[in-house]
Amino acid sequence: MPLVASTYKAPFYLFNGHLQTIVPSLFRQVDGVQYERERIVTPDQDFIDVDWSRVGSDTLIVLSHGLEGDTGRPYMTGMVKAFNARGIDAMAWNYRSCSGEPNKLLRSYHLGASDDLHFVLQHALAAQTYHTVYLAGFSAGGNITLKYLGEAPDQVPAQVKRAAVFSTPVDLKGSAQKISRIYTQRFLKTLGKKLEQKQQMYPGELDLSEYSLRWSFPEFDDRYTAPIHGFKNAEDYYARVSSKQFLKNIEIPTLLVNAKNDPFLSPECYPIQEAQANANLYLEMPAQGGHVGFAEDFRKHRYYSDARAVRFLLDDEK
């Protein structure tokens, strides 16, 4: 599919990719979303907490959050609010260990956990009759969503009609090498706390004696993410779960919006050739936006990602 021209332009006072990333992350507020939490037991006897915002619809959007995020992040609640306003039910799911309570197993989540997305989606379809389902994802959740759609498209439920993802590191190796230390330290701080909890739950299973906030993501993933989740090393993890390799197989209309000034994304995360080769993949690359930013009017709580997802998913606007 030819590339999609973008109309997005950041407010003048958010004049670079870092401000466009950080200011919405710290200061965006969303009012009026009231979740109903449900805990569901996974096939491996762990649990996943999902949050519902129902308006009595037969149409559902399923939302997947970013690395070390949760369903309460403003980019999640903002999207929930936008779709509820159009009469659509929403289900936002917290990855294992991301709902405020450690999950039961040594494993938690990783950026290729499409099996968990499939599980919560199947649960939603069993819990209520939805004739149409949309998928949306941000950053890590975008990679999980794209991987899910492309790795086994014949297993995606027929009710899933369209998808939209934002700020997605479709090439995890490139993204892990691109992201700067200032962002990495923030993530490693929360990831380290979760590892400390798991160390107490599973004595002798984890060695945190050399853990450092100065590590790069490849160092962290090589030491912890990969072995805990069954990968040989970071290289194997990135190679197997990066969604870029699965884009050619996506069979439903899917929008990927990656800002060119995203400080988390490497050049490999802009899959131009893959989009041109797949009529179902719509790639939009606005010059601005940062990482999961896309503020249109920060002071009036207007965000391009919310409006763009509504237009693509509900109004069939390319």
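**Ground rules.** I am working with a predicted model, where local features need pLDDT of at least 70, side-chain atom pairs count only at pLDDT 80 or more, and totals for chains, interfaces and linings use all residues. Residues are numbered from 1 along each chain as its sequence is written, and side-chain values use heavy atoms, with hydrogens and water left out.

**Entry 1, salt bridges.** How many salt bridges does a search of the whole structure find? I got 21, taking a salt bridge as a side-chain nitrogen of Lys or Arg within 4 Å of a carboxyl oxygen of Asp or Glu. Side chains of opposite charge can pair when their charged atoms come close.

I looked up D306 and R28, whose side chains meet in a salt bridge at 2.7 Å, N to O. D306 sits in helix α10 (residues 304-313) and R28 in the loop between α1 and β1 (36-41), so this pair ties together parts that are 278 residues apart in sequence. My helices (H or I, at least four residues) and strands (E, at least two) are DSSP runs, numbered from the N terminus. D306 counts as buried at 9% relative accessibility, and R28 counts as buried at 9% too. For these labels, buried means under 20% relative accessible area, exposed over 50%, and partly exposed in between, with a 1.4 Å probe and protein chains only.

Then I turned to D51 and R37, which form a salt bridge at 2.8 Å, N to O. D51 is in strand β2 (residues 47-53) and R37 in strand β1, so the two tie together parts 14 residues apart in sequence. D51 is buried, with a relative accessible area of 2%, whereas R37 is partly exposed at 43%.

K194 belongs to helix α6 (residues 181-201) and E68 to the loop between β3 (59-64) and α2 (74-85), so they tie together parts 126 residues apart in sequence. E68 counts as buried, at 8% relative accessibility.

I also noted a network of salt bridges that links D44, D46, R96, R107, D115 and D116.

Rolling a probe the size of a water molecule over the atoms shows where empty space is left. I used a 1 Å grid over the protein atoms alone: a cavity is a set of points where a 1.4 Å probe fits but cannot get out, a pocket is an open set with protein on both sides within 12 Å along at least five of seven lines, and lining residues have an atom within 4 Å of a point. Grid points are joined across faces, edges and corners, and a volume is the space filled by probe spheres set on the points.

I counted 1 cavity of 30 Å³ or more. The largest cavity holds about 40 Å³. Which residues line the largest cavity? They are R28, Y75, F138, V292, G293, F294, Y303, S305 and D306. I sorted this lining into 5 nonpolar, 2 polar and 2 charged residues, where Ala, Val, Leu, Ile, Met, Phe, Trp, Tyr, Cys and Pro count as nonpolar, Asp, Glu, Lys and Arg as charged, and the others, Gly among them, as polar.

**Entry 3, the second largest pocket.** I found a volume of about 170 Å³ here. R28 and D306 turn up in this lining as well, along with Q29, V30, D31, G78, K81, A82 and H301. Helix α2 gives the largest share of the lining, 3 residues. By type, I have 2 nonpolar, 3 polar and 4 charged.

S97 has a phi near 85°, a positive value in a residue other than glycine. I placed S97 in the loop between β4 (89-93) and α3 (114-127), and S97 is buried at 12% relative accessible area. D316 also has a positive phi, near 60°. D316 lies in the segment after α10 and is partly exposed at 44%.
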